[in-house]
Structure formats: structure tokens, C-alpha cells
Amino acid sequence: MNSAISEPVRLIWSRIIWRQWRRAPKVPSVLVVILALGVAVYLSVRLANRAAVTGFSLFTESISGDSDLLLRPKAGTFREADLPQLRDAMGAVPASMFPILDTTAAEGPGSESPIFRIIGTDFVALPNAAYLSESDAGSPVETTQKGFAGLLGRSDLVYISESYAAEKQIGEGDSIRIYIEGAALQLSVAGVLKNDPLRPQIPHRLLVLDLPGAQKLTGNEGLISRVEIRIPPGPDYQKNLDLAMARLNDWGSERFVIETPGQRKDSATQMSAAFRLNLTILSTLALIVGAYLILQAMEASVIQRRSEIAILRCLGVTPRQIQKAWLVESAILGLLGSLLGVILGLGLAQGMVRAIASTVNTLYYETTTSSASFHLGEIGVAFVFGTLVSLLAGWLPAREAASTPPAHAANSGARGGGLKLLQKPLPGILLMVIATGFAFLPPWIPEGGGPVALGGYHSAFCFLLGLSILAGSLFRVVAKFLKGRGNDPQRNYAASQFRLPEGRHRLAAAGLLAAFGMSAAMGILVASFETTLNAWIRQMLKADIYIAAPGAQSSISENKIPESVWKTLVDRPGIEGVDRLRRYQISLAGKDTYLAGADYNQSGRTLQLIWVDPPVNRSADALEAMVGNDLHPAWISEGFARQYQKRRGDRFKLPTPEGAKKVEVSGIYADYGSERGTVLVSRKYTSVWFDDSSLNNIAIYLESGVDEEAWLANLQKSFPGVVARTNRHLRDDALRLFRQTFSVTYALEGIAVVIAVAGLGLAMVGLLLERMVELGTLKELGMTRRQIAKAAMWEGLGLSITGIVGGLILSLILGWILVYVVNRQSFGWTLNYEIPWVSIAALSAAMLATGGFVAWLVGYRIANLRSDLVDRSTFEADR
Amino acid sequence: MLTISKLSKSYGETTVLREVDFFMKAGERVALMGPSGSGKSTLLNCISGIDRPDSGRIELEGKSIVEMEERELCELRRDSISTIFQFFHLLPTLSVRENIEFPLQLLGVPEKERHERLADLVGEVQLKHRADAMPDELSGGERQRVAIARALATRPALILADEPTGNLDSTTGESVLELLESVSERYQTAMLLVTHSPDVTGICQRTVHMRDGEIVENE
């Protein structure tokens, strides 16, 4: 307590509040824990987000140590033979170049098999890296402290990571099995890469080989993925770096992306910005929910202590001093909660980082982080945020405490509480108008990043706030409904409370409305997603058998099925037709996206895309015919159209190893598989542009009468290295993955309901404590404890009904915003709006039952308090 | 009708009632006077079953209140004993009509009979024109009239009045006392009125004085 806090404030805190805490430590303890949980969730998500970004391929992007520049082709790989040209382009600029082949292999045969990152680097040049830096010893690959003699050119000897060696209990000389291009291969461990605390963490599944060995192993002879360039340290470092960058840009900016490792990280991690923002918003919600409960609980405690406050006021304590004392209480709650929250958050972050890293790995880019690190800045932000939120929550009860008049007559029952803001409908109506405006704003596109639906988020927030304010308008209807024929005195009494609703009624109803609305809206989003995905899968998947390279689920997978394998495979008897697809990652306008080459079965049955903007010609060979001089037809996914703001008829250039190729958008299709976006052209062209006949996916249409299960079993026997599934299995797998992804939302819905009901319970405590004298009168009139509890139950039900009706309206609006604004703007997916009525009915029933029960419980407990005697004694100090 | 014998009650080490003996006849009006802390309110609390005595007996119409369970005490307060308070204690969210009707609903009186009694009572307390008003729209005197009507609604044998005019100006207080006297006569309801005011004693047949938890004078 500092000197700014006056003696009366100190006295109030130490004599009243602190003593109350000691007498009933449960309430402040629960509040500290609630706040701590909010801070913990917030901090852990922030730390995990940070870890997912900082862990972006740092190790594999800097094999040569701290590389200064990265040069990578905009599409595909490039030839080693081009390296002399690159050297020439650099001229006399002092720089060392380290060519890298960066590709993948699967650990097992399944489509969800973990992926190995394979790095091929020049073991001859690598030792020189040590002389290029003042800060480190050179390449992280050297950590084995062993020379590379005997490894040069070998495709069967690999380095593995320390963590993988520990997990599998293997070491030098042991063998491991991987799957490349459909074939299982046996490799020998040449050494184990040790983690160095000064370096980025080594990815768990990493295989490092000498470059020629890696090229041979992966069938990429003569090809490299990128070149790491290092400028020697010294006084001219910056000048040489700028010069190297300028010369490289002059030479190859058409074909290559030239960037610093920092720029590479930014461009890659920007893709997940919307995902990370969503998580941060969700984690902030946890903290706000904590604040709501603190507000409710502190209000109840102010009511309990009102007579003490009234006496203090009589003794000359000013309202400001009283307000300060109660703010000190919330500040202390905030400090304790935040401190505990930070400790919990650091632990929770370790679990959270694995979940977030796994999603980021699947959807966006490779991140090697497996643990969150201690970040003082983030901890500071969470600590201050938690304390501020608690102070804000305490402000309202503190103001209420301060407004207590001197010698407050307990029997006059000054009713009130809750935010004044909630008592007038006009701000609510204004907010709804503003919210409608926000909903129609275009997305915000940060430089180099994907669009973020800021307008949608603001709109959702304003609708939530606006409807919370307007919820009070429903009380009149609820009162009528509760009263019924008016013969039940408990219902009558409960209904009468909604005729003159207090601020606290409005606040409790607003809390229930928000919780129900957000839960049901999430339900609408999930149902819309599931229905759309189901329809999409049903229409898209017309083939009988689907074949993919192992590990196809991962965003970093470059695994493919070589021509030798797929040609034999599609020559098998019983096949009526085949769809083939090859997908490449390309860099377009500074962002990573996909270029896919497809050729479709022309036997009649074929892939049925769902069109957002359909092409004039939808036939299977529509992509084959050129649409003009050097102009190729292309279908683009909705996600691509959104990312690059393209429409049907637009023309643009695609980077390919053969140079830029011009395409014209002839149709836009829905694609719920990736938010990066895809440009689809005929494989007739991509196989030439990339000089590549391999495939990623094959769809097979069997002749009628062929037993697909038997055909599949035969195929798997002959080709154990590919992943093959029947149509039904693929659908089931897709929906299972979907449900797994969204399973957390059901848990969140449950938590929201529990919190809202806890809020209702606290609100009922406040309402009934404030009405203690009235309860005394009810008892004098002959009401039993159970009857009082029943009246409280009806009141709780009235609040729940208001919350549910308002929440339903909110959910329909929020669902619309999530489906048509946030989802479309952030991910580029058009979904069918679907309301899960059964789930919403179940949610309503759960909220009604728990709300009624909690209110009954509170009523039953409070009805037994003997404060009626205390109150009576205040009327006449007589015994 | 009401017999109290050897009633004692202590709060911790403070003895509030010391072997109090007291009785009332049906329809009788008794004023209970005494300085603050003399035990008047505790006696009232014990009679209405809000407080339990340490020893002694209280019998109302032959039934022992001391031995009653909580449920029976509730029933007692519902149909045999009503209380009128200094600060009225109307339910603020119920209208005049609803406040008066409320105890009848608790008692399960049929709707038709409720309405008949209600019409009778609002007429009795001269508040027909204010029947739909809310408590905060009424003057102090009007509020106390509603409280009286509510207390009479169940036709109790005994009404306990805790400083019924203590919060009213003298003119209003006088009219409230007249009303209490007239309804007591009309419904033959016994009334025990805790008061500091000599005016209240004017409508009572008997005045009992208490000091230090004992009845010191019974005139």
C-alpha cells in the first residue's frame, strides 16, 4: 500500500475487507483462481503463438549457420548447373554459397504418417561456414564434432536429431526406415545432431545427408531447393550485403525469391496471422469471462457489507475513500490472480504449444518448436492485463459501495447495481446499427499477410454488446410468461421482480445471453462447416479409389508418386478411368500458394467441382485448350481468389522453372482443403513447366461390377508404399479429422454454459442478499424456506429464459457473421448457413435446468440466513 | 388466546427475557412499552416464531409455539399471526392489490374468495383508488394502510405491530391508529402493539411495561 492511499482507505481495507477475507477465505480464493485461469489461458496462448512463429523452420532455413540471404526459386527446384551463373552474377562481392536440397519423406505408409524433413547440404563446403561468423561456430550440422569423411555422396547414411534418437532409442550404426515415392527405404544413422541452446531447436524428424546423396535418395539428381548465402563479417558487411542483394535481384528476381531469413520468416508466418489472431481473441474471452465473475462476486460482497459502509459514511469517510478501498481489493485480487495465472500459464503453454504447433504444421508451415520459452514481455503483458481487467471489474462494485448513503437504512432496500449502460435501450440500438456497418467492411490485409476479418470481429463484438443492452426489453414478456394465470405466489413474486428489474438482473441476463449466444453461434459455424463439407465431399468424390503419397496430410509434405509407380498402377485391370493431380508450392506476389496440374478422367464419371463462379466450359478437358496466344486457362480456388483479389476473366503470370506463364481465370471453385489457395491448370502444361511426371494424388474409377474392396486389397499388396482408400473410407477419414478439429469447440460450449450459470448464481446471491429484508417479510407472511427457494428458482428461470431468447437472436446474427463475413474473409470459404436446432434445444434445456437449479440452491441457502433478525434490530435498537 | 409463561431468552451472556409471564384474550388490544433494550422486540420475535426462547412456553389458541417445527411455524405465520412493521415492509415489486393478495395466495385461498376479500380490505383501508399503485407511489400513511390490509387478509387471531406509527407524522399516525382500532373491533383480532408512543396506548385496553427483560407493570 503506497502513500497515495490515505489512512481511512487503509483502515477500511485492513479492518473490513481483509477481515472479511480471513473470515470467509473461500470467496476471494475462488476469485483469484478464476482470474488466474483467465490469465493462464491468455498467457499460454500468447506464448504458444510466439513459439509457433519463432520456431518457423529456423534450423532448416539456416543449415550453414546464420545465413544472410536466401535464394529460392518461385516455383519448384532449380538446377545445380545454374550455380556458376549465380556466382557470376554476384561478381566480386565476397560471399559464400551453400546449396541446399530441402524435401520430405514419410516415416510410415499411412496418409497421416509423420513427415521427415530431408536436408541435403554440401558437406565439403560446410566446414568453411565456421570462418564466416563472429558469433557462432558455423553450421549446426557440425555439432557432432566429427568430420564428414566417408559420408560424401552417400545416400544411405544420415544424421538424425537428438530427440528422435532418444525417442526411438537408436544411435550411430542403427538403421531407420522411411518411405520415398511409394517405396520403403532402409537408411543407416551416421550420427546424432545435438541441440545447442544458442541455436534454433533441431526439428524432431530431420534427416541430413550430403547433397549428392540426398539428391540420389529422393530422385532429385542435379536439383537444389535453395541457396544460403553468407557474407563474411567485417566493416564492409552491410555494404556487401546490400550489394549482393541488389545484384541478385538484377539477375534473377523474375525466377527467384531473394530475401533475408527474417523476411522469409515474416512472409511464411504471416499466413497463420488470422489463425493466431483467432486464438488470441478466444484467450482474451477467457479473461473477460473471469472479469465478469469477479464483478458479480464483488457486487454481492458490497451488498453484504452495505450496513458497514453506511456506518463508515456516518463516521465521515468520503465516497471517494470508500471507492478507493474497494478498488484496492480488486487490485489485490488482480495482482494475486495474475501472479498465479503467470505461473499456471507458463506450465499450460508447454501443452498449448504442442497443440498449436501441430495445427500450424498441418495448415501453414513447419515449426520446430516443441516448448514455449519464458518471455518477459509476454509475461508482463499478461500480468498487467490481468490486473487491469480485475480493476475494471471491481470499478462498478466500488462505485456502488461509494454511492451508499450515510446510515443507509437497511430496510429501504436501495435497489440497483449493474451497469447503468444496460438500463437504456438507445445505446443498444446504436451499437446494433454500428455493428451492421462493421459487418459490411472489407477485410484488412496486412502487408504480405492474409486478410483478417477485422470488420467481422468488431461487428460481432458490437452486436454482442448491443443485444446485451437490449436484453432488458425482454423482461416484460418474461414476467408475463412467468406469472401465467397468477395463482402461484412464488411465480407471482418472481415475475414481479422483472417488472422493476435491477441493474443486476440486466447484468446477469447479459452474461447468460453472451454465453448462450456465443456457444450457439459456434454450433452454427460447426454445423454449417460440417454440412458444407459433407455436401462438398459427396459431390467431389465420385471415384471409387483414392491414392496418395504417404504423409499427404502435412502442409510441408513434398512426397510424391513417381511416374514408374503410377503408370504401372493405372494399368491394372478393372479401371475405367483415372484423375491425376500434381501440386507444387509456388511463391506469388510474396506469398506462398499452390499450383496444381490436373488431368481428368474422360469416361463420363469425373470429379465434380463446386463452383463459386462457374466456367463456360466445365468439361474434363476444359483446361487443356489454350485460350489465346501463350494464355492458359486456369481454375482458381475461392481462397486464391480472396488472397489475390482475382475474378473470372483476370489474367496473371505464374512462376515456373520454365519462366513466367500467363494464365486466365476461367472459373472459381470452392475448396475447403486449404486456405492458401490453389491455381488449377492442365497437367499437360505443369509436367512440361516443371519437367516432372510424378503425381501427388490419383483417383480411380473402377469398371462396373469390380469389387472395390478386393481391388484395393490387391493394390495394397503390390504397392505397400502408397496410401489407398475407398471412397467411403476417404469420406469417413475426412469427417473424422473435421470432428477431431472441432471437438474443442464442444468443450468450450460446455465451459461457457458453466461460467454463465456460475455468473447467474452469483447474480442471484447479490439479488437475494439485497432483498434480505424482503425475504424476512416473506417469512413473516408465512413463506417456507422451500417456497422462497422456489421463488428464487422461478426468478433464475426468468433470467435464463431471457438469456436464451436473447442469446438465440445473438447466435443467429453471430453465426451469420462467422459464416458469411469472418470465415469468408479470413479463409475464403463459402459455407451453407445451417442451424443445429437439436443442439441448440439441448443447450437451452441444459441452461434452463442448471440455471433453475443454481437459483433454487442460492435461494434455499439465503432463505436460511437469520439476517431478518439483524434487520429488525436495525429498525428499533431494542431487545 | 395467547398465554406466555416463564419465557426466557439470552444472546450469549446477555439475558434479554427473564421468565416473562403474559396473556392476551381474543380480540384484546395490548400496548407493549419500554425503553430500548428492554426485550420488546425479542418477545415479539418469540411469539411469531422467528426467534426460539431458551425456556418457557408460548401458547396460541391452545397450540404450543415453542414446540412447533419450522414448517408449522410458517403455517402459524401464514394463518394465525400477522405482523405490521414500522417501515411497512411492502414487497416493492408488487402493487397494492398484489401485496394484499399475496398472503392469501400463500394460503391457497381460491381466486374468487381472494378477490372478494381483497375488495373488502381495500375498501376497509380506503385505498380502492390506489389498488394498482406500486409501493413507491404511496405516502407513508398509505403504505401502512396497505400493510394493515395485508396483515388482516388471512383473518389472523393475532396481529403483532412493531411501532406501527413510528415512521408517520402525528395526523397520519392518528388515522392509522383509528383504522387499527376499527378493524380489530370488526374482525375481533387481538393486537399486541410495541410502541413508545402514548397515543398508541389510547386505542388499547391494556398497557404492559417492560424493563430489563421483565414485565414490570401491567395496567
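Reader: How many residue pairs are in polar contact between chain B and chain A, both at pLDDT 80 or more?

Author: The model is predicted, and the pairs counted here have both residues at pLDDT 80 or more. On the chain B side, α1 (40-47), α2 (70-79), α3 (96-107) and α4 (111-124) each supply at least two residues that touch chain A. The number of residue pairs in polar contact between chain B and chain A is eleven.

Reader: What area do chain B and chain A bury between them?

Author: The contact involves 41 residues of chain B and 34 residues of chain A. The side of chain B that touches chain A divides into 16 nonpolar, 15 polar and ten charged residues. Carbon and sulfur atoms carry 53% of the area buried between the chains, which is about 3300 Å².

Reader: Which residue of chain B forms a salt bridge with Lys483(A)?

Author: Between chain B and chain A the count is two salt bridges. In the one formed by Lys483(A), the closest N and O atoms are 3.1 Å apart. The partner in chain B is Glu98(B).

Reader: Which residues are linked with Arg226(A) in a network of salt bridges?

Author: Over all chains, the structure holds 36 salt bridges. One of them joins the side chains of Glu228(A) and Arg226(A), at 3.6 Å from N to O, and both residues are buried. The network that includes Arg226(A) also takes in Asp102(A), Arg117(A) and Glu228(A).

Reader: How many residues apart in sequence are the parts tied together by Glu664(A) and Arg651(A)?

Author: The side chains of Glu664(A) and Arg651(A) form a salt bridge, with N and O 2.8 Å apart. Glu664(A) has 18% relative accessibility and therefore counts as buried, the cut-off being under 20%. Arg651(A) lies in strand β17 (residues 651-654) of chain A and Glu664(A) in strand β18 (residues 661-669), so the pair ties together parts whose separation in sequence is 13 residues.

Reader: Is Lys9(B) buried or exposed?

Author: The side chain of Lys9(B) meets that of Asp51(B) in a salt bridge of 3.7 Å, N to O. The pair links distant parts of the chain, 42 residues apart: Lys9(B) is in strand β1 (residues 2-11) of chain B, and Asp51(B) is in the loop between α1 and β4 (55-60). Asp51(B) has a relative accessible area of 7% and is buried. For Lys9(B) the relative accessible area is 9%, so the residue is buried.

Reader: Why is α1(B) described as largely enclosed by the rest of the structure?

Author: Chain B has seven helices and ten strands, and buried residues make up 59% of its 219 residues. In α1(B), the buried residues are Lys40(B), Ser41(B), Thr42(B), Leu43(B), Leu44(B), Asn45(B), Cys46(B) and Ile47(B). The helix α1(B) is largely enclosed because the buried count is eight of the eight residues.

Reader: Which residue just after α1(B) takes a positive phi?

Author: The phi angle in question is about 80 degrees. The residue is Gly49(B).

Reader: Which residue's side chain is joined to Glu107(A) by a polar contact of 2.8 Å?

Author: Glu107(A) lies in the loop between β3 (96-106) and β4 (115-121) of chain A, and its relative accessible area of 16% makes it buried. Beyond four places in sequence, its contacts include Ser113(A), Phe116(A), Lys168(A) and Tyr179(A). A polar contact of 2.6 Å joins its side chain to that of Tyr164(A). The polar contact of 2.8 Å is with Arg205(A).

Reader: What separates the C-alpha atoms of Gly759(A) and Ile294(A)?

Author: Gly759(A) sits in helix α21 (residues 727-770) of chain A and counts as buried at 0% relative accessibility. Setting aside neighbours within four places in sequence, Gly759(A) is in contact with Tyr292(A), Leu293(A) and Gln296(A). Gly759(A) and Ile294(A) are 465 residues apart along the chain, and their C-alpha atoms are separated by 9.1 Å.

Reader: How many contacts beyond four places in sequence does the model have for residues 407-416 of chain A?

Author: Chain A has a mean pLDDT of 79, with 80% of its residues at 70 or more. Over residues 132-138 of chain A, pLDDT stays under 50, and the model has 24 contacts beyond four places in sequence there. Residues 407-416 of chain A also stay under 50, and their number of such contacts is 26.

Notes
Residues are numbered from 1 along each chain as its sequence is written. Chains are lettered from A and ligands numbered from 1 in the order in which they are written. Side-chain values use heavy atoms; hydrogens and water are left out. Contact means heavy atoms within 4.5 Å. Buried area is the accessible area (1.4 Å probe) that two parts lose on being put together, summed over both. A salt bridge is a side-chain nitrogen of Lys or Arg within 4 Å of a carboxyl oxygen of Asp or Glu. A polar contact is a pair of N or O atoms within 3.5 Å; within protein, one must be able to donate a hydrogen and the other to accept it, and residues adjacent in sequence count only if both atoms are side-chain atoms. Helices (H or I, at least four residues) and strands (E, at least two) are DSSP runs, numbered from the N terminus. Ala, Val, Leu, Ile, Met, Phe, Trp, Tyr, Cys and Pro count as nonpolar, Asp, Glu, Lys and Arg as charged, and the others, Gly among them, as polar. Buried means under 20% relative accessible area, exposed over 50%, partly exposed in between (1.4 Å probe, protein chains only). pLDDT is the predictor's confidence in each residue, from 0 to 100.
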